[in-house]
Amino acid sequence: MKKNIFLILVLLSGMITFSVNASDKISLKTPDIVRVAIVRDSREVVLAIHGNYRLRDMSSGHVIAHGLRLAECKVRLLDRGILVGLDIYPARRLTIESSKDASIIIDNRPFRGEVTLIRTSDNRITAVNNINVEDYIKGVLYHEVSHHWPMEALKAQAVAARTYALYSLNPSGKIYDVTNDIYSQVYGGRESERYRTDLAVERTRGQILTFNGVIIPAYFHATCGGMTEDAHELWNITDISPLRGVPCPFCKNSPHMHWKNNFRLKDVQETLKRHGYKIDTIKDISVVDRDRSERIDHLKITQNNGQELILKGKDFREIMGPNVIKSNNYEISMKGYYVDLIGRGWGHGVGMCQWGALGMAQQQFTYEQILSYYYPGSQLMNYHELEKPETIKDSKPSLHNTK
Ligand SMILES: [Zn+2]
């Protein structure tokens, strides 16, 4: 292979030289490329490339190897550079560019676009998939909704996910925009593409939600349970109409509409202690107040020693785990050494209710109507028409976009 010949030449000459030609310029990041961290801080990555590829040293911008196919091999870090199979590349950032139909297989998962292998400051490997936003959304949608849902619900989800992705671009000081786990949007790469979800992405190509010409953080969640939540109740975020709660009569048939969970008071005490709260044996937990969507604003935890601890409902949910306490809208029933939480909905409740969008689509609402219902006052536009790709910048929530 050519790259081996190249490497031999480098070793023979004892110095590193690169061939440069006009087509080898670094491509600057365009606003429609999303950088997804697909591996973070790993000692080793398993790599294969099915198809034509080039390796580019990102500090010089030069192509330093190319080939027709790369058999499965391990990527590790050495003092001298990045080891790919048997070849050492003296680079801190190595980008794999592949031809359109090729796949880059990282840890047995195929990805489109480019993958950059980055040596992080603590000598680990982070792999970032640089992917066109439309392809990224194709890899996200399957994980967010069922691909059997009506097309209008899938299209609404495609626009919300695309908007959220573009809102997430360029976080300060990060080598990637989003992660592929629950803290951003779950992204499964090529394996997660399905015909109908791909179609929903194609049919809404480029469309995003804006407010006064600015990209909004289009949050969404599984099931609101009756009313969506005001974003400013949860996060330090500008109070704009698209992020205010609306009544939702459309998610009644969601399997997440009702939930019940039982906790041992001792376990609640231990969990609170682990999170830095000084707390004695718990005697009672009660609701102090609720916000206008009926979600719990404050909780009171009374202890055996008579002391009371007032906690924000949203903090209690995060401490106990957002998938353990599925929503912040519940009743409390004390049962001796145990407590029952009987709740409604799943997720933070801000923005589009996914099961509500399904209910609206089943009632023949269009995706435009679904989006303007859950993001009131927002405008649908093509992001290529944005004068500047500005977003509403606020402190980003620590919770998962959809939970
Ligand atoms: Zn709902």
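**Ground rules.** I count residues from 1 along each chain as its sequence is written. Since I am reading a predicted model, local features need pLDDT of at least 70 and side-chain atom pairs count only at pLDDT 80 or more, while totals for chains, interfaces and linings use all residues.

**Overall make-up.** I looked up the helices and strands and found nine helices and 24 strands in the protein. Both are DSSP runs numbered from the N terminus, helices being H or I with at least four residues and strands E with at least two.

**A sheet of three strands.** Next I followed an open, antiparallel sheet with the order E15-E14-E24. Strands pair here if DSSP finds at least two bridges between them. At the edges I found E15 (214–215) and E24 (379–382), each pairing on one side only. Helix H3 (residues 151–167) packs on this sheet and touches E14, E15 and E24, with its direction at about 65 degrees to that of E14. E14 covers residues 207–211 and is joined to E15 by two bridges. Here I saw Thr-210 opposite Ile-215 of E15.

**H3 meets H9.** I then turned to helix H9 (residues 367–374), whose axis comes within 8 Å of that of H3 and crosses it at roughly 50 degrees. Axes are lines fitted to C-alpha atoms, for helices over the stretch in contact, and angles run from 0 to 180 degrees between N-to-C directions. The two helices are therefore oblique to each other (under 35 degrees is roughly parallel, over 145 roughly antiparallel, 65 to 115 roughly perpendicular, and the rest oblique). From H3, I noted Glu-152, Lys-155, Ala-156 and Val-159 in the contact, and from H9, Tyr-367, Ile-370 and Leu-371.

**A hairpin to finish.** Last, I looked at strands E18 (residues 282–290) and E19 (residues 296–303), which run antiparallel and are joined by seven bridges. Ile-282 has Gln-303 of E19 as its bridge partner. Five residues lie between the strands of this hairpin, where I found Glu-294 with a positive phi near 75 degrees.

Methods. Two residues are in contact if their C-beta atoms, placed from the backbone, lie within 7 Å.
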